[in-house]
Amino acid sequence: MEKTNTTQQLKSVDSLFKSLSLGILDLSTRIVMAPMTRSFSPDGIPGPDVAAYYRRRAENGVGLIITEGTVINHPAATGDPNVPHFYGEKALEGWANVVAEVHEAGGKIVPQLWHVGITRRSGSLPHPEAQSVSPSGINLQGEKINEPLTEEEINSIIQAFALAAADAKRIGFDGIELHGAHGYLIDQFLWERTNQRTDEYGGSMIARTRFAAEIIKACRLAVGPDFPIIFRMSQWKTSHYEAKLAATPELLEQFLTPLLEAGVDIFHCSTRRFWEPEFEGSNLNFAGWVKKITGKPTITVGAVGLTEDFLGAFRGKSSGLADINELLVRMDNDEFDLVAIGRALLIDPAWASKVREGRFDDLVPFNAEALKTLY
Ligand code: PHB
């Protein structure tokens, strides 16, 4: 067998560094920073260190930054007092500063708007008195632990997303991402296990998309036609890697149609390993299928630049660098448009510059040591 992992045999990385014009969004490279929780915003306020962290990535060839999840104005949206808020004067001032720094460095940035739903531990800060909320009061393990959301509460959460979208536009962001993935609130509506409602928000696959579609529509109304809305989705859940929202391409199409009609511009398709085919009989990955079905641009993600999969590495296993040829072949085939990089960019702000310049030996290996010195 020939070795495939040497610099010499690497395909040209140029396709990662081509600009992309989507009409509503012009990006200088195809590299996206994936949203990653940091918990470095005391009292929910992102400070100058947060701005500097994102600026370093923008200075180093990242075309689009998607921020860590930042929570909408609802008391049970997070259970972590150090996760940034996306409401309130001080937090929004902090975010405006992040935007200014990233724009100065020539980058683009969107906030990831987040509500964790029933994954929040009851009694946790910043609002210990608030009940955790979800479509049916059923947690990701399938246990009934409290009461379903009422329609009135559902409407107030939808309005909180829309207000956050309007604020994102007002303070200069380049779009928004809605976190519809990984078993958090929006995904709890999408997933059969956690959504057992018998009203119009539950039942069929299409009914389960109603909450997401209403949020997308309310955000679209709040920001107008030309402000990009990215929808992040996943089959897998943080505690259930084998979960599937749609087991076939036909079901995936049923699922995507209401979201598309509601006004999504870009789908961010989270997988744990970008090279895995989504369905039998085709080599297309999840982002490839979503692009094929919707005709919209897609972002792929999943262990790009690493060999180990998500979370395993956090348990102390070190990850080497993966062969990125597979990614380049898929990009060149237009299987997807953009590539989100998570952990590799977390540990190395200059990851994209190093890849562009072929400085592969300078890339920081992903291991417990590297995680101690994040900046
Ligand atoms: C996490 O904080 O571990 C986390 C947050 C959001 C995700 C996935 C993981 O989508």
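Author: Start with the contacts of His-182. Leaving aside neighbours within four places in sequence, His-182 is in contact with Asp-187, Arg-232, Ser-234, Trp-236, Lys-237, Thr-238 and Ser-270. Keep in mind that this is a predicted model.

First, the place in the chain. His-182 sits in the loop that runs between strand E6 (176–179) and helix H4 (185–190). Is His-182 buried or exposed? His-182 has a relative accessible area of 7%, under the 20% cut-off, so it counts as buried.

Next, the backbone. The phi of His-182 is positive, about 60°, and the residue is not a glycine. Most residues other than glycine have a negative phi.

Now the side chain. The side chains of His-182 and Ser-270 are joined by a polar contact of 2.7 Å.

The ligand comes next. Which residues surround the ligand? They are Thr-37, Trp-114, His-179, His-182, Tyr-184 and Thr-238. By type, the shell residues divide into two nonpolar, four polar and no charged.

For His-182, a polar side-chain atom lies 2.5 Å from an oxygen atom of the ligand. For His-179, an N or O atom of the side chain is 2.7 Å from a ligand oxygen. For Thr-37, a polar side-chain atom is 2.8 Å from an oxygen atom of the ligand. On its own, the ligand has 280 Å² of accessible area, and the protein covers 70% of that.

Asp-43 lies in the loop between strand E3 (31–33) and helix H1 (48–58). His-182 is buried at 7%, whereas Asp-43 is exposed, with a relative accessibility of 64%.

There is also a cis peptide bond. It joins Leu-125 and Pro-126, with omega about 10°. Most peptide bonds are trans. Pro-126 belongs to the loop between strand E5 (108–114) and helix H3 (151–170).

Follow the chain past H4 and you reach Arg-193. Arg-193 is in the loop between H4 and helix H5 (205–208). Its relative accessible area is 32%, so Arg-193 counts as partly exposed. Leaving aside neighbours within four places in sequence, Arg-193 contacts Ile-138, Leu-140, Gln-141, Gly-142 and His-240. With Leu-140 there is a polar distance too: a polar atom of the Arg-193 side chain lies 2.7 Å from the backbone oxygen of Leu-140. Ser-136 is 57 residues from Arg-193 along the chain, and their C-alpha atoms are separated by 9.5 Å.

How many disulfides does the model have? The count is zero. Cys-219 is in no disulfide, and the nearest cysteine sulfur, that of Cys-269, is 18 Å away. A pair must lie within 2.5 Å to count, so 18 Å rules this one out. Cys-269 is likewise in no disulfide, with the sulfur of Cys-219 as its nearest at 18 Å. Cys-219 has 0% relative accessibility and counts as buried.

At the start of H8, a side-chain oxygen of Asn-285 comes to within 3.0 Å of the backbone nitrogen of Ala-287. Just after H8, Gly-295 has a positive phi of about 75°.

To sum up, His-182 is buried. Its side chain has a polar contact with Ser-270, and a polar side-chain atom lies 2.5 Å from a ligand oxygen.

Key
Residues are numbered from 1 along each chain as its sequence is written. This is a predicted model: local features need pLDDT of at least 70, side-chain atom pairs count only at pLDDT 80 or more; totals for chains, interfaces and linings use all residues. Side-chain values use heavy atoms; hydrogens and water are left out. Buried means under 20% relative accessible area, exposed over 50%, partly exposed in between (1.4 Å probe, protein chains only). Helices (H or I, at least four residues) and strands (E, at least two) are DSSP runs, numbered from the N terminus. A residue is near a molecule or strand if one of its heavy atoms lies within 4 Å of it. A polar contact is a pair of N or O atoms within 3.5 Å; within protein, one must be able to donate a hydrogen and the other to accept it, and residues adjacent in sequence count only if both atoms are side-chain atoms. Accessible areas come from the Shrake-Rupley method with a 1.4 Å probe; for residues, only the protein chains shown count as cover. Ala, Val, Leu, Ile, Met, Phe, Trp, Tyr, Cys and Pro count as nonpolar, Asp, Glu, Lys and Arg as charged, and the others, Gly among them, as polar. Contact means heavy atoms within 4.5 Å.
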